[in-house]
Amino acid sequence: MEIPKKVREELDKIYEAYDNQAYIIDYKGQYLPKKSDVFTIRHYHHIDRDRSNNELWNLVPLSYQDHIIEIHSKNNQIVKQAIYDFMIERYPEHEEHYRKYLLND
């Protein structure tokens, strides 16, 4: 299930680079272009892997490489910890959700 365009646009605003509106900033501080093929350059990952849960706090920006190689690899606990740290800074009220799906996976 594709993330609705309206939600994707809201996410692009939330993660927009402070110094260049053409980019978003991911959990590592990488600049990812907004106007790009979202499947090859950037991706919003559903933290709980429920593709119907398009709540803003459940979606984290990743580069395509981070999504495919890091998130879907078996040894990715360091990446998940970094995403956890990034997300609780933004949405501390959802810390339990992040712990469940990122640290206790």
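Modeller: This is a predicted model. Start with Glu-2 and Arg-8, whose side chains meet in a salt bridge at 2.9 Å, N to O.

Biologist: Why is the contact of Glu-2 and Arg-8 called a salt bridge?

Modeller: The label asks for a side-chain nitrogen of Lys or Arg within 4 Å of a carboxyl oxygen of Asp or Glu. Arg-8 and Glu-2 meet at 2.9 Å, N to O, so the pair qualifies.

Biologist: How many salt bridges does a search of the whole structure find?

Modeller: The search finds 6. Another of them joins the side chains of Glu-9 and Lys-5, at 3.9 Å, N to O. The cut-off is 4 Å, so this pair counts as well.

Biologist: Where do Glu-9 and Lys-5 lie?

Modeller: Both are in helix α1, 4 residues apart, about one turn of the helix. An α-helix has 3.6 residues a turn, so residues three or four places apart point the same way.

Biologist: Which residues of α1 are buried?

Modeller: The buried residues of helix α1, which covers residues 5–14, are Val-7, Arg-8, Leu-11 and Asp-12.

Biologist: How do you know that they are on the same side of α1?

Modeller: They cover an arc of only 140 degrees around the axis, which puts them on the same side of α1. On the other side, Lys-6 and Lys-13 are exposed.

Biologist: What covers the buried residues of α1?

Modeller: The cover includes β1 (16–17), β2, β4 (42–46) and β5.

Biologist: What makes β5 mostly covered?

Modeller: In β5, 5 of its 5 residues are buried. Leu-59, Pro-61 and Ser-63 are on one side, Val-60 and Leu-62 are on the other, and both faces are covered. As for its partner, 5 bridges join β4 to β5, and the two run antiparallel. One of the residue pairs is His-43 with Leu-62 in β5.

Biologist: Why do β4 and β5 count as paired?

Modeller: Two strands pair if there are at least two bridges between them, and β4 and β5 have 5, so they pair.

Biologist: In what order do the strands of the open sheet come?

Modeller: The order is β1-β2-β3, with antiparallel pairing. β1 and β3 are called edge strands because each pairs on one side only. Between β1 and β2 there are 2 bridges. The requirement is at least two, so this pair also passes. Glu-16 stands opposite Ile-24 in β2.

Biologist: Which side chain meets that of Glu-16 in a salt bridge?

Modeller: The side chain of Lys-34 does, at 2.4 Å, N to O. The pair links distant parts of the chain, with Glu-16 in strand β1 and Lys-34 in the loop between β3 (31–33) and β4, 18 residues apart. Lys-13, Glu-16 and Lys-34 are linked in a network of salt bridges.

Biologist: Why is Lys-34 called buried?

Modeller: Its relative accessible area is 14%, under the 20% limit, so Lys-34 is buried. Among the residues Lys-34 touches are Asp-12, Gln-21, Tyr-23 and Arg-42.

Biologist: What about Tyr-18, is that residue buried or exposed?

Modeller: Tyr-18, in the loop between β1 and β2, has a relative accessible area of 74%, over 50%, so Tyr-18 is exposed.

Biologist: How do you know that the length of helix α3 agrees with its number of residues?

Modeller: At 1.5 Å a residue, the 14 residues of α3 (77–90) should span 20 Å. The end C-alpha atoms are 20 Å apart, so the two values agree. The buried residues of α3 are Val-79, Lys-80, Ile-83, Tyr-84, Phe-86 and Met-87. Their cover includes β2 (20–25), β5 (59–63), α2 (64–71) and α4 (95–103).

Technical notes
Residues are numbered from 1 along each chain as its sequence is written. This is a predicted model: local features need pLDDT of at least 70, side-chain atom pairs count only at pLDDT 80 or more; totals for chains, interfaces and linings use all residues. Side-chain values use heavy atoms; hydrogens and water are left out. The expected span of a helix is 1.5 Å times one less than its number of residues. Buried means under 20% relative accessible area, exposed over 50%, partly exposed in between (1.4 Å probe, protein chains only). Contact means heavy atoms within 4.5 Å. The arc is that of the directions from the helix axis to the C-beta atoms.
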